[in-house]
Amino acid sequence: MAVEELLAARGLRIYYHTMTGVVKAVDGVDLKIHRGETVGLLGESGCGKSTLGLSILRLLPSPPAKITGEVLLEGVNLATLSPDEMRKVRGRQVTMIFQDPATYLNPVLKIKDQMAEMLGPQISGKDTNVEIGRSLDMVGLRRSVMASYPHQLSGGMKQRVLIAMAIMSNPLLMIADEPTTALDVTIQAQILNLLEEIIRKTGISVLLVTHDWVVVSKIAQKVYVMYAGKMVEHGETRSVYERPLHPYTNGLMNCVLDVNRKIARVPSIEGYPPNLANPPSGCRFHPRCKMAIDKCRTEEPPWIEAENGRFVACWRVT
Amino acid sequence: MTEWLLEVRGLKKYYPLSTGLHIGGHREFVKAVDGVSFNVREGEVLSLVGESGCGKTTTGKVVVGLYEPSEGNIFFRGEDASPLAGRVPRRERQMVFQDPTAALNPRKTIFDSLNRPFRAQLKRDASNEEMHQLMEDVGLVPPEYFLHKYPHELSGGQKQRVVVAQAIALKPSFVVADEPVSSLDLSIRGQILNLLKDLQRKFNLSILFITHDLAVARHVSDRVAIMYLGKIVELADSEEFFTNVMHPYAQALLGAALKADPKANRMTEYKPLVGDVPSPINPPSGCRFRARCPAAGVKCNKGELEPELVEFRPGHYVACHICA
């Protein structure tokens, strides 16, 4: 039996109209998440991964953002929903956690009151406490946290509160935008273990937006790699790690330093990421690519299934 | 006897807390750095590794002379290096900051930014050759293309090269690099790390490399020091450290460093440290790490002596009662 498709983005384009021109933050990408899957969206700063994550919930102000293409959640095109209907998707069916937990908690409300907002007004006070207590248990926080203000909690605890809020409504999908980037390494390990446990227990689907390959490798079964507003590679995390097809993915993998092994020269990719207001012609990676041929400079490589379940956009692979 | 370029002895830096009126009350302090001693050799890279709030950046700023220490001494080539003593010229010690966008003045061109050190310290403008040489040293070629641009026209990696150029402009012998790559993308990180390495060899620089990332520390440093809550808990030669790590905190840091291999990450059930770093206003007595330490025993308890840095093997220092 085929696993059900939960979220699908098709030909998604997000252009920002700015004073200096049109910035093509996301330029024609396809993405699929099946029920119960954790999918990594890997890319460097400015590649459009956060824009893509935000656009799913229609959280981008438009203008300046101009969105074309479609995002389907359980077959429903989210662009066609009214603002009221969209509000029922946000926080209910699809939730989101962010990089800096301090920014997303209200500093003047107690944790309990903020979490109660997730439940809505129709629930009684007693039930609210039970529900909140249960969510706090799930994320390994003491119930006394309910009476605290955000500033009384550490960064790791705040991220746990946000995760608790994001799973309270039993959503179909959680979008996690760099959930561990702002945290210390020992706390990052705690939060990743927690996410892993929650995914296992609740069967929630997760879109994990990150720049960090090791975070993807820890919890995501599948991964999409983005570069300069385009998808460059997709496949099972294991298979991408063992044999990256796209030169960018390959280069990026080489840049991951292993603490257990020392190499003389730290690897990097020559050059710098392009300006998305004026991206290079052809393949957007060609100015930094060691394998580039003439065709790469003029023609854009198509997004094709190179092998079973392995997608790539590169002329050298096709 | 080894000739140390920099000696730090019992360094403390306390920040006063402003908690309103103090009528007869005592003042509270954030003990950011609470008794740190280490040396830096000529031409070596010493990494100072720790989590946020452990005092590593404060240590760097005091050592470079940006802050006055609350207690303790810093000697530079044997001379008292505190800013008040004024015996060591500023240009000998420079700093590379974490966020190049914040470190560069957005309203000055790259030329102006690089000219600043010359004007401030040497009271003259940089010559054309000096400027071109500097740009070439940090790999910003052709120089003419970059010199008259503003910071916002450059990418993060290019800006960090400019910040490095500022630091080495006056040929210092000691540079504090404070998380120089943590705001950069992975594909750019290697460029800047290799640049620092190359400059270090070329000018026989000593670098105090501040980072939270042990994998980066392993690749750049000759020696590694681990800080926790204002104290150094372990200090050793890099290879010695990574093969024979001793302090439970250092072991936990190493354990938390994920591997690139998805298989390895899923198979190993690593146990992250429980809890959070305690407040540096009232650090725990006894061993500061005891509340989170998986190996803590009676000797580490409240009211007991704080563990001192002890040499376990030649050059390998650890501050831990349990390791002893």
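Colleague: Where does A:Arg10 sit?
Modeller: A:Arg10 is in strand E1 of chain A, residues 5-18. Helices (H or I, at least four residues) and strands (E, at least two) are DSSP runs, numbered from the N terminus.

Colleague: And what am I looking at overall?
Modeller: This is a predicted model, so local features need pLDDT of at least 70 and side-chain atom pairs count only at pLDDT 80 or more, while totals for chains, interfaces and linings use all residues. Residues are numbered from 1 along each chain as its sequence is written, chains are lettered from A and ligands numbered from 1 in the order in which they are written, and side-chain values use heavy atoms, leaving out hydrogens and water.

Colleague: OK, back to A:Arg10. How accessible is A:Arg10?
Modeller: A:Arg10 has 41% relative accessibility, so it counts as partly exposed. Buried means under 20% relative accessible area, exposed means over 50%, and partly exposed is in between (1.4 Å probe, protein chains only).

Colleague: Which residues is A:Arg10 in contact with, leaving aside neighbours within four places in sequence?
Modeller: A:Glu5, A:Val29, A:Asp30, A:Gly69, A:Glu70 and A:Leu72. Contact here means heavy atoms within 4.5 Å. A:Gly69 is 59 residues from A:Arg10 along the chain, yet their C-alpha atoms are separated by 5.9 Å.

Colleague: Switching to helix H5 of chain A. How many residues does H5(A) have, and how far does it reach?
Modeller: H5(A) covers residues 155-167, which is 13 residues, and reaches 19 Å from first C-alpha to last. That is close to the expected 18 Å, where the expected span is 1.5 Å times one less than the number of residues.

Colleague: Is H5(A) mostly covered or mostly uncovered?
Modeller: Mostly covered, with 11 of its 13 residues buried. Among them are A:Lys158, A:Arg160, A:Leu162 and A:Ile163. The buried residues pack against strands E6 (94-97) and E7 (173-177), plus helices H3 (111-119), H4 (125-138) and H6 (185-202), of chain A.

Colleague: Now chain B. How many residues of helix H1 are buried there?
Modeller: Seven of the nine residues in H1(B), residues 56-64, are buried, so the helix is largely enclosed by the rest of the structure. B:Lys56, B:Thr58 and B:Val62 are among the buried ones. After H1(B) comes B:Gly65, with a positive phi near 95°.

Colleague: What about B:Met131, buried or exposed?
Modeller: Buried, because B:Met131 has 0% relative accessibility. B:Met131 belongs to helix H4 of chain B, residues 128-137. Not counting residues up to four places away in sequence, B:Met131 touches B:Phe111, B:Leu114, B:Asn115, B:Ala126 and B:Leu147.

Colleague: At what angle do H3(B) and H4(B) pack?
Modeller: About 110°, with the axes 11 Å apart. Axes are lines fitted to C-alpha atoms, for helices over the stretch in contact, and angles run from 0 to 180 degrees between N-to-C directions. H3(B) and H4(B) are therefore roughly perpendicular; angles under 35 degrees count as roughly parallel, over 145 as roughly antiparallel, 65 to 115 as roughly perpendicular and the rest as oblique.

Colleague: Which residues make the contact between H3(B) and H4(B)?
Modeller: B:Ile110, B:Phe111, B:Leu114, B:Asn115 and B:Phe118 come from H3(B), and B:Glu130, B:Met131, B:Leu134 and B:Met135 from H4(B).

Colleague: And at what angle do H3(B) and H6(B) cross?
Modeller: The axes of H3(B) (residues 110-122) and H6(B) (residues 156-168) cross at roughly 25° and come within 8 Å. H3(B) and H6(B) are therefore roughly parallel to each other. B:Ile110, B:Ser113, B:Leu114 and B:Pro117 of H3(B) make the contact with B:Val162, B:Ala165 and B:Gln166 of H6(B).
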